[in-house]
Amino acid sequence: MKNPLISVIVPCYNVEDYITKCVDSLVAQTYTNLEILLIDDGSSDRTPDLARQYAEQYDMVSCYRRENGGLSAARNTGLDISKGEFIAFVDSDDWVEPEYIEKLYESISNGNADMAVCGYKQEELSEETVTFDKEDVITAHAAMKILGDIYPKENVLLVIAWNKLYKRALFETIRFPENRIHEDEFCCHRIIGKTDFISVIPDVLYHYRVREGSITAADKSQDLRHLDYLDALSDRIQCVRKSHFEDLLIYMIYSYFEGMKQLLVRYTDETIRVNDLYPFFRRKAARMYLRCVFETDTYQKRDYLKLIISPKRYRDVVLREMGK
């Protein structure tokens, strides 16, 4: 179908200073058969008024107000009411290039893919461009293997929800987990598992604003909700175990323990002491070790046992290796 309807879902919460730049970038898209869904998640500032003004001015824009439930709940509301054959997510404090939708749609069409992914640029508190080295079409198996290593840039490019265009069918049985952070980590492997091919392009089409107060900002680094990350990585292991990607299980186990290592060094001595986190990490590590002991290699067994025996000593070694 030529130029099918594409739904752009924009969760909005207290973004009166940012929503104008975001929505202006969407109504200026070179691909015009859009429905732009502004989902106000119970904002207490002027955000809903601004959203209504856009809905009154542009036929392609609609605004919906719901009780505050968080980012995942707002995205899920958008999925439930959207009508497009394709779905895109844009956060309301970010903005996109004019060709954002057009280039992603062309990439899906040309690659006969189920999903297209582009690069992004971080703005404000930190500036960095993250993108692919070349245009390519990769299999779901190749994409899932990328998820098994949390460090390369390709991993984050595939994990995040908002630099992509998806066929609607991918979300037929998938919704974002509510009352969690790292919601993208919970969903990415489930979405990729439903694809056959994924098109990736090096074009930097999305602008991601890192601002004070966001959960990813430095002042929120000690938030215990980041521990949700381990549950997301554990879910990834379960999904791979039940699917035709079983040969990648060892990579997913590796990413789980590397994620735990990241959390160990993220939290300060004070946060760990006050919240008694060492027993928490020991329990999590021991459970995963016992579940996956037959799928790990000799090096992994030795390394993970060290973490289980003494999370504190393990953390000290990691910090020394990092020069901290």
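I began with helix α13 (residues 311-321), where P311, Y314, R315, V318 and L319 are buried (under 20% relative accessible area with a 1.4 Å probe, protein chains only; exposed is over 50%, partly exposed in between). Seen down the axis of α13, these buried residues fall within an arc of 135°, so they line one face of the helix; the arc is taken from the directions from the helix axis to the C-beta atoms. Helices here are DSSP runs (H or I, at least four residues), numbered from the N terminus.

I noted that this is a predicted model, in which local features need pLDDT of at least 70, side-chain atom pairs count only at pLDDT 80 or more, and totals for chains, interfaces and linings use all residues. Residues are numbered from 1 along each chain as its sequence is written, and side-chain values use heavy atoms, with hydrogens and water left out.

On the other side of α13, I found R313 and R320 exposed. I then looked up what covers the buried residues of α13, and the list includes α9 (249-266), α10 (269-274), α11 (277-292) and α12 (298-309). After α13 comes G323, with a positive phi near 75°.

Next I took the pair α11 and α12. They pack at an angle of about 150°, with their axes 8 Å apart. They are therefore roughly antiparallel (angles over 145 degrees). The contact (heavy atoms within 4.5 Å) is made by F281, R282, A285, A286 and Y289 of α11 and K301, Y304, L305, L307, I308 and I309 of α12.

Last, I checked T296, in the loop between α11 and α12. T296 counts as buried, at 10% relative accessibility. Leaving aside neighbours within four places in sequence, T296 is in contact with I253, K301 and Y304.

Key:
Helices (H or I, at least four residues) and strands (E, at least two) are DSSP runs, numbered from the N terminus. Axes are lines fitted to C-alpha atoms, for helices over the stretch in contact, and angles run from 0 to 180 degrees between N-to-C directions. Angles under 35 degrees count as roughly parallel, over 145 as roughly antiparallel, 65 to 115 as roughly perpendicular and the rest as oblique.
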